[in-house]
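This briefing is for a reader new to the structure. Please look over the sequence and the model first, then read the points that follow.

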Amino acid sequence: MADPSPVRGPVVEADGISKRFGATVALSDARISVAPGESHALVGRNGAGKSTLVSILTGLQNPDTGTLRFNGEQAPAPGDTDAWRSRVACVYQRSTIIPALTVAENLFLDRQSKGVLRPISWKQLRGRATELLAEYGVDVAPTARAEDLSVEQRQFVEIARALSFGARFIILDEPTAKLDARGIERLFDKLRSLQEQGVAFLFISHHLQEVYDLCTTVTVYRDARHIITAPVAELDQQALVEAMTGESSRGSEPAWSVTGRTRPDGAPLLDVSGLSLAGAYQDFSLTAHAGEVVGLAGAAASGNVRLGETIAGLHRPQAGTITVAGRPVRTGRVPAALAAGIGFVPEDRHIQGLIPQRSVAENATLTVTGQLGPFGTVLPSRTRAFAERMIGDLDIKTPGPSAPVSALSGGNQQKVVIARALATEPHVLVAIRPTNGVDVKSKESLLGTVREVADAGKSALIVSDELDDLRVCDRVVAMFHGRVVAEFEHGWSDEQLVAAMEGMSGPTDTKERDVSHH
Amino acid sequence: MSPTTEVRPRAATAGTAPAGRRFDLARYRDLSLVPVLLVLGVIGFAVSPAFLTSDNLLGVGQQATELSLLVLAEALILIVGRMDLSLESTIGVAPVIAVWLVLPDHGARFNGLGLLPSWTAIPLCLAVGALIGAINGFLILKLRLNGFIVTLGALTLLRGLQVAISQGQSIVTLPGSFTYLGSTSWLGVPAAIWICALLFLAGGCALAWLRHGRALYAIGGNSEAARAAGIRVDRITWIVLILGSLLAAFAGVLYTGHYGSISADQGNGWIFQVFAATVIGGVSLNGGRGTLFGALTGVLTLQLVVNVMTLAGVPPLWNQFLNGAIIIVALIISRFASGEKQE
């Protein structure tokens with residue numbers, strides 16, 4: 001590891017940090033220490049205190065107790081933004097890019113010119129931006145508008161901006177949450193090359209595999225406390241999950257099991273044939289039988305998400321048919337898809353899934369309002385009863401059916417989305433990235449729910465690029481650039497599937513269906 | 001829509017071909033009404049020989065000044081991501097309060113308080129405007145009240161205040177200093193046009209080349225990001241609100257001078273036109289987008305349509321209908337000229 005000045009102290013050293021918000025203890029005697037040039041992971045379940053630590057390390061909040069040092073020096077006074085920024089950079093979970101402005105202006109926001117009254121020289125600004133982007137090897141045009149960038153390009157711009165203040169320590173708060181596998185790979189390449197330049201990272205992620213891929217040291221927080229700090233190499237995945245959950249984890253053996261199922265015969269429950277949508281996918285066919293969970297794997301540009309949305313009626317394909325339980329479905333119409341028995345879990349629960357300020361009950365019954373009372377009325381008592389059943393069935397942790405859904409944790413919010421998809425008692429459940437942004441334990445129970453749906457004689461389609469999601473499937477269809485490139489039975493290896501999703505040579509030991517993209 | 005899948009195809013154009021076609025279109029989005037203005041000019045020329053005379057055009061210009069100052073104010077406020085409905089009342093109430101304070105307390109149809117010398121009328125008027133903006137800003141930014149409702153309340157309240165002070169009548173006896181700017185001409189062109197053009201130019205330059213001007217776009221585009229970048233979001237928003245009301249009060253000075261009196265319903269109902277002109281000029285209601293030049297073309301379009309219609313002999317009773325129609329047509333034009341959805 002490149003370490004330019006080993007005599008220096010850690011780039012950041014926090015000790016005995018406590019923070020309370022009213023009655024809630026957000027951090028209790030927490031500590032962390034990051035050495036120069038180190039890539040340090042911070043993991044913990046939702047509510048473990050990671051976000052609070054980030055806001056304390058970046059000077060947005062003052063700790064109640066404890067000491068904070070950067071490079072061995074006392075932390076700057078609160079409010080001295082420039083001093084903080086020269087010591088620690090942060091790429092937040094929420095984008096801090098302003099969409100309507102150019103990349104160059106975003107990079108130098110509020111410092112476009114030397115003095116407040118000095119007019120901005122746009123030419124000079126573009127020059128400075130080009131230099132900065134080149135310095136960190138970011139391949140983005142400074143004149144492009146930020147809203148036209150891809151998620152990963154935006155992140156590179158944010159990283160370049162954060163580092164341009166002179167900090168050699170950067171906090172990345174779930175940077176991979178919105179990236180596909182390819183984008184993550186490029187992000188990691190970038191981070192590794194920055195690391196070689198002596199930049200240290202604090203990397204926060206729900207995705208444990210990434211911790212192993214990128215980081216050398218890992219710190220685990222649980223219930224607002226520091227649990228363990230250890231070199232990644234000395235802590236295997238099971239021990240890490242154990243430290244996060246505080247209980248001995250079941251490791252790689254989840255509650256559900258896929259092996260030993262016989263492939264059902266008879267007419268398929270879902271039959272998609274010859275589906276094409278311009279710019280997304282071509283001539284796609286798929287069948288799913290009762291009791292089967294089918295995975296639809298693919299990176300962001302593969303068209304798998306669009307395909308899932310098409311089956312749910314959000315897009316109208318140019319060609320092809322969708323048949324559910326032997327009856328053709330009118331494409332491009334959500335009500336038709338619902339009526340035909342297709343339940344849908346959208347990709348992003350915040351954007352497409354939930355109405356955050358409304359109650360759990362209302363959110364869960366949004367698709368079945370017609371069944372909640374006579375003559376188009378919606379009776380509160382029936383809504384409540386319906387929601388209570390859902391809460392029981394799916395084990396949703398909520399203070400009650402009338403609690404606003406925004407008060408729930410990410411995993412439980414996602415369960416509400418699934419509850420709604422199941423409310424219509426569909427034949428087919430289409431779930432796009434069902435475990436997006438939820439913690440390890442919720443992940444398992446969400447996937448268990450999907451498995452149960454299939455076991456109850458329905459069929460489920462999981463659209464995802466997360467290997468953990470796809471493990472629950474009986475078979476996985478891999479897509480690349482809008483085409484099916486491979487199909488795997490349960491028991492595939494990670495390498496095979498990733499290779500197929502990345503458009504690399506198809507697997508040899510499973511049946512190959514289409515290799516025309518070569 | 002899924003963010004990841006949507007963004008991908010565009011990324012290629014942004015990353016590798018920055019000089020693409022889409023980019024050029026975006027750059028000229030604010031000019032989308034210029035062709036409309038030219039077409040209106042041609043129609044006007046065809047309809048009546050009186051259209052292309054300096055008298056007519058200067059008349060249209062002068063009539064546009066008061067509205068365009070409100071549009072300037074509203075454009076700034078919309079860019080910073082806020083709204084101010086009370087501007088249309090400020091244009092009336094600020095002059096009334098100013099002359100009420102300076103007019104003698106006896107001897108005329110409208111009696112003031114006579115507290116201050118008559119030359120203070122304009123500074124007083126501007127001060128009243130600034131005060132209104134400051135109070136709106138306090139309610140919106142410090143007490144965190146909903147800006148739309150606060151300024152809706154202020155609209156009604158200030159209108160009522162004007163009616164109460166002026167006893168519902170027009171004020172015709174005014175200090176000479178107060179009416180000078182609105183009625184005089186410099187170099188053969190009404191002073192109001194010069195001033196208005198100057199203010200638009202100054203505002204446009206500040207938005208294009210000053211850090212604080214760019215901060216308006218940053219705040220309107222993503223206020224959290226602006227805050228993270230070190231921009232003092234609340235302070236700048238407050239200043240913009242004050243500046244907006246100040247401009248509205250100044251528009252009141254010009255309007256009063258132009259017509260020689262303060263009418264009781266000065267500015268009444270203008271806010272619809274103000275919003276319409278600003279939005280068809282390309283300023284986003286969601287903040288962070290648009291230019292003052294675009295907003296100016298919006299006002300001119302609205303004014304020219306009325307002028308051309310009048311010259312064409314369309315009965316004035318149809319004006320309101322046509323105004324509404326042109327707003328919707330202009331919106332459609334700018335929607336397709338810019339290629340962006342207006343949500």
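**Domains and a buried glycine**

In this predicted model, the centres of domain 1 of chain A and domain 2 of chain A, taken over C-alpha atoms, are separated by 26 Å. The domain assignment of chain A also gives a domain 3. The points below cover the contact between domain 1 and domain 2 of chain A, and then the surroundings of G44(B).

Domain layout of chain A
- Domain 1 is assigned to 12–97 + 152–245.
- Domain 2 covers 98–148.
- Domain 3 is made up of 270–352 + 424–501.

Where domain 1 touches domain 2 in chain A
- On the domain 1 side 12 residues are in contact, and they meet 12 residues of domain 2.
- Helix 5 (151–163) and helix 6 (181–196) of chain A are the elements that give two or more residues to the domain 1 side.
- Helix 5 of chain A supplies the largest share of that side, with eight residues.
- Sorted by class, the domain 1 side holds seven nonpolar, three polar and two charged residues.

- G44(B) lies in helix 3 of chain B, which spans residues 34–47.
- G44(B) counts as buried because 22 other C-beta atoms lie within 10 Å, and the cut-off for buried is 20 or more.
- Leaving out residues up to four places away in sequence, G44(B) touches F51(B), L304(B), N307(B), V308(B) and L311(B).
- T310(B) is 266 residues from G44(B) in sequence, yet their C-alpha atoms are 10.0 Å apart in space.

How values were computed. Residues are numbered from 1 along each chain as its sequence is written. Chains are lettered from A and ligands numbered from 1 in the order in which they are written. This is a predicted model: local features need pLDDT of at least 70, side-chain atom pairs count only at pLDDT 80 or more; totals for chains, interfaces and linings use all residues. Domain bounds come from an automatic or database domain assignment. Two residues are in contact if their C-beta atoms, placed from the backbone, lie within 7 Å. Helices (H or I, at least four residues) and strands (E, at least two) are DSSP runs, numbered from the N terminus. Ala, Val, Leu, Ile, Met, Phe, Trp, Tyr, Cys and Pro count as nonpolar, Asp, Glu, Lys and Arg as charged, and the others, Gly among them, as polar. A residue is buried if 20 or more other C-beta atoms lie within 10 Å of its own, exposed if 12 or fewer, and partly exposed in between; C-beta atoms are placed from the backbone.
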